[in-house]
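Here are my notes on this model. Please keep the structure open beside them as you read.

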Amino acid sequence: MNLKPETFTKIDEVITHYPVKRSATLPLLHLIQEDAGYISDAAIEWVATKLELQPINVYEVVTFYPMFRRQPIGRRHIKVCRTLSCALTGGYKVCERFEKEFDTHRGEISPDGEVTIEFVECLASCGTGPVVMIDDDLHEKVDEAKVKQLADQIRAEAKQRK
Ligand code: FES
């Protein structure tokens, strides 16, 4: 499975925290999704082997919890809070604005492969909404101008990579 070396290190370390290996299923899936963006069939089989389970046991966990994605996402992950405080301060508009910037819809990969935009629940910064998380970075009081600025930044970083 294709993960960063540090993810493999974390996985091995996390397993040691549990007296019964299978109890590490959820943390392992979180680590894999954090790195790969989603849980593939190969990941399910890999976790099953690692924890000495049957793939069906892992598959059931993945499909039970809605936070696990079964499809790949764009290179950058834009999460817009839709919980009450952020919704009241314009979270839905912010999300629509991001969709326009990248010509995409929530949950899909933008045509350039660069982003996936999703609504998420409270990001624990309710006093400074609307709040958006891009990969691991939190952005507060995001208005239309800030969406534009963030989108330009993402595009500039994408160009630099090429
Ligand atoms: S409601 Fe958006 S961060 Fe809490």
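1. Start with the order of elements. Along the sequence, the protein chain reads α-α-α-α-β-α-α-β-β-β-α. That gives 7 helices and 4 strands. Keep in mind that this is a predicted model.

2. Next, the overall dimensions. The C-alpha atoms fill a box of roughly 50 × 40 × 25 Å along the principal axes. The protein chain has 162 residues, and 24% of them are buried. Take the contacts between residues at least 6 apart in sequence: 56% of these join residues at least 24 apart.

3. Now find the sheet. It is open, has 4 strands in the order β2-β1-β3-β4, and shows mixed pairing. The edge strands are β2 and β4 (137–139), each pairing on one side only. Neighbouring strands are turned by 20° against each other on average, direction ignored.

4. Look at one strand pair. β3 and β4 run antiparallel and are joined by 3 bridges. Here M133 stands opposite L138 in β4. On the sheet packs α6, which touches β1, β2 and β3. The direction of α6 makes about 155° with that of β1.

5. In soluble globular proteins, nonpolar side chains tend to be buried together. The largest nonpolar core here has 18 residues; I78, V80, V94, F98, I117, V131 and V132 touch the most other members. Elements giving two or more residues to this core are β1 (76–81), α6 (91–101), β2 (115–120), β3 (132–134) and α7 (144–161). Apart from it lies another core of 10 residues, including L28, A43, V58 and V62.

6. Last, which residues does V131 contact, leaving aside its neighbours within four places in sequence? They are C81, C86, L123, S125, L138, E140 and V142.

Note on methods: Residues numbered from 1 in each chain as written. Predicted model: local features only at pLDDT ≥ 70, side-chain atom pairs only at ≥ 80, totals over all residues. Buried ≥ 20, exposed ≤ 12 C-beta atoms within 10 Å, placed from the backbone. Contact = placed C-beta atoms within 7 Å. Core = buried A, V, L, I, M, F, W, Y, C linked by C-beta atoms within 7 Å. Pairing = 2+ DSSP bridges. Axes fitted to C-alpha atoms, helices over the stretch in contact; angles between N-to-C directions.
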